Amino acid sequence: MKMTNPAIPSFLHLIPLLFLLHVMTVAGRSSATRFYHFKVQTMRLTRLCQTNEIVTINGKFPGPAIRAQEDDRVIVTVTNRTPYNTTIHWHGVKQKLSCWYDGPSYITQCPIQSGQSFTYNFTLTQQKGTFFWHAHVSWLRATVYGSLVVYPKAGVPYPFKKPFMENTIILGEYWLKDVVQLQQHVLESGGPPPPADAFTINGQPGPNYNCSSNDVYEIKIVPGKTYLLRLINAGINMESFFTIANHRFTIVEADGEYTKPLTTERVMLVPGQTMNVLVTADQAIGKYSIAMGPYESGKNIKFQNTSAIAYLQYLGALPNTLTLPAKLPDFNDNLAAKNVMDGLRSLNTVDVPKDIEANLFITIGINVNKCNSENPKDKCQGPKNGRLAASMNNISFVEPKVSILEAYYKKLDGYFTTDFPGVPEKFSDFVNGAPNNIPNDTQAANGTRAIVFEYGTKIQLIFQNTGTLTTENHPIHIHGHSFYVIGYGTGNYDQRTAQFNLEDPPYMNTIGVPVGGWAAIRFVADNPGVWFLHCHIDIHQSWGLSTMFIVKNGKKELESLPQPPADLPKC
Ligand code: C2O
């Protein structure tokens with residue numbers, strides 16, 4: 001069967017019509033409510049010569065697209081028909097005054113248990129662009145994900161020439177194993193995770209993989225027309241390069257915010273990032289590869305190195321046209337990874353917080369803990385018979401057994417502390433100071449510690465990569481807020497030489513902190529609740545590369561978190 005995945009393109013034909021109907025029915029009203037029912041269920045899927053049970057939503061893979069307009073309310077009832085715990089996170093949605101619906105398990109809610117339901121209810125306040133949703137518990141998001149596309153309000157144009165059509169392209173990683181068990185086994189072993197069995201584009205690995213020459217996502221394009229591609233990296237443990245054979249493309253939006261147009265041949269997307277790009281069918285009529293491949297900046301890491309391929313197919317191309325191959329950068333091309341970021345700017349001059357009230361310095365990296373097991377062969381498969389871990393300011397986040405937001409709101413004692421340190425215990429050469437004495441000098445402390453901010457605090461965070469084991473680019477994601485990426489660089493952060501862009505930095509929700517380097521971000525803590533801050537590489541998050549911050553209620557109207565919903569799941 002030819003998998004051209006007609007679901008998305010054919011639906012797109014309907015969009016102008018749906019919009020017209022929508023505009024006619026809501027004329028005079030400013031926003032609408034969109035209802036969805038997400039049935040979390042298992043489904044049999046054949047990929048790479050093997051049929052497996054995977055967890056999906058409504059029997060679709062990738063899951064259903066959510067489409068809405070700026071300021072709309074979205075109401076999604078999630079019913080869990082699988083044996084696994086689940087939650088859904090709306091990645092990039094700020095959840096203004098709706099922290100209860102953010103979704104990270106054991107942070108803002110207990111998971112939805114087998115047979116249970118929970119209704120998410122939030123508003124896309126002043127947000128438009130490309131977002132996505134994904135499970136936020138164990139490694140379920142390997143198959144439980146889909147797009148969340150928010151259009152500008154009726155009559156509000158894009159700040160670029162209207163594209164002829166648009167497509168969503170979700171990059172993923174696919175395992176032939178039960179991912180919930182896989183995560184458990186990896187964590188028990190103390191060692192590294194196995195590479196994914198395949199990279200995928202909209203769920204399809206493409207012709208480079210066994211038995212996959214028909215499992216290819218295909219975009220049909222009309223010569224001369226311009227298309228908007230909404231790129232989403234829903235990958236689990238890998239950062240990725242993306243490119244299209246013979247075609248340059250222009251970035252116009254990143255993480256749901258417009259950017260100054262930036263034309264490039266390729267881009268590196270970290271898990272958790274989205275990007276809108278314009279591509280014009282201005283090449284000879286034919287068939288061109290769209291490719292996704294690995295970016296791995298760490299040393300001695302095993303990863304999948306076969307690229308996922310999709311096709312850009314010109315209408316009018318002969319059926320057996322040779323496909324023009326796409327050239328991806330080498331997996332360790334740090335410069336290629338950095339180039340696009342260097343050119344990324346907000347569309348307009350922005351209002352970056354100036355008089356910083358909280359200035360934090362947070363180290364991010366991998367640890368090797370000592371083996372405490374009687375059974376080191378099975379349990380301590382990390383370097384030098386240690387156990388792999390990861391940390392922020394050398395504290396490995398320990399997942400609680402309750403919802404921290406609930407514990408905080410109901411003033412339940414004993415589940416977390418509020419003493420996450422704003423600086424590391426000692427400053428040293430973080431990048432080149434890898435100790436020889438692994439695992440004795442690379443031990444992390446454990447803790448479930450939060451940082452507490454008053455409502456409205458102007459925050460600067462400096463993330464510093466550490467080379468404890470290997471330096472590596474880490475995609476740091478913040479819930480409930482976007483932030484200005486005012487600067488980054490390689491080596492140790494140095495206040496005297498660091499250069500900041502306070503004019504037009506990009507406004508993002510996930511930043512790939514450069515390998516062996518640092519990144520500086522600023523934002524205002526103006527959303528009360530408990531917010532997760534973590535590496536969006538799932539294995540790193542599982543190892544503890546995360547923390548959380550609490551934003552207290554403000555004093556004025558609309559500065560307090562409302563009561564929890566009645567159907568909030570119990571642990
Ligand atoms: Cu996309 Cu906390 O996640």
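This is a predicted model: local features need pLDDT of at least 70, side-chain atom pairs count only at pLDDT 80 or more; totals for chains, interfaces and linings use all residues.
Open space in the model was examined first. Rolling a probe the size of a water molecule over the atoms shows where empty space is left. The largest pocket has a volume of about 1000 Å³. Its lining comprises 38 residues, and those nearest the centre are Gln-183, Leu-187, Glu-399, Ser-542 and Trp-543. At least two lining residues each come from strand S7 (129-135), helix H2 (179-189), strand S22 (387-392), strand S23 (395-397), strand S32 (529-535) and helix H6 (538-542). Of the contributing elements, H2 gives the most, with four residues. Sorted by class, the lining of the largest pocket holds 17 polar, 15 nonpolar and six charged residues.

The second largest pocket contains about 730 Å³ of space. It is lined by 29 residues, of which Lys-94, Gln-126, Glu-257, Tyr-484 and Tyr-507 are the closest to its centre. Two or more lining residues are given by strand S15 (257-264) and by strand S31 (517-525). The class composition of this second lining is 12 polar, nine nonpolar and eight charged residues.

Strand S13 (residues 239-244) is largely enclosed by the rest of the structure, because six of its six residues are buried. Burial extends to both faces of S13: Glu-239, Phe-241 and Thr-243 lie on one side, and Ser-240, Phe-242 and Ile-244 on the other. Two antiparallel partners were identified for this strand. Strand S18 (residues 287-295) is joined to S13 by six bridges, and Ile-244 stands opposite Ile-290 in S18. Strand S16 (residues 266-269) is joined to S13 by four bridges, with Phe-242 opposite Val-267 in S16.

The backbone was then considered. Most residues other than glycine have a negative phi, and most peptide bonds are trans. A cis peptide bond, with omega of about -10 degrees, joins Phe-61 and Pro-62; Pro-62 is found in the loop between strand S2 (50-57) and strand S3 (66-69). Another cis peptide bond links Ile-438 and Pro-439, with omega of about 0 degrees, and Pro-439 lies in the loop between helix H5 (404-409) and strand S24 (445-447).

Positive phi values occur at Cys-49, at about 70 degrees, and at Leu-97, at about 60 degrees, although neither residue is a glycine. Cys-49 lies in the loop between strand S1 (33-47) and S2, and counts as partly exposed at 49% relative accessibility. Leu-97 is placed in the loop between strand S5 (88-91) and strand S6 (117-123); with a relative accessible area of 19%, Leu-97 is buried.

Terms used. Residues are numbered from 1 along each chain as its sequence is written. Side-chain values use heavy atoms; hydrogens and water are left out. On a 1 Å grid over the protein atoms alone, a cavity is a set of points where a 1.4 Å probe fits but cannot get out, and a pocket is an open set with protein on both sides within 12 Å along at least five of seven lines; lining residues have an atom within 4 Å of a point. Grid points are joined across faces, edges and corners, and a volume is the space filled by probe spheres set on the points. Ala, Val, Leu, Ile, Met, Phe, Trp, Tyr, Cys and Pro count as nonpolar, Asp, Glu, Lys and Arg as charged, and the others, Gly among them, as polar. Buried means under 20% relative accessible area, exposed over 50%, partly exposed in between (1.4 Å probe, protein chains only). Two strands pair if DSSP finds at least two bridges between them.
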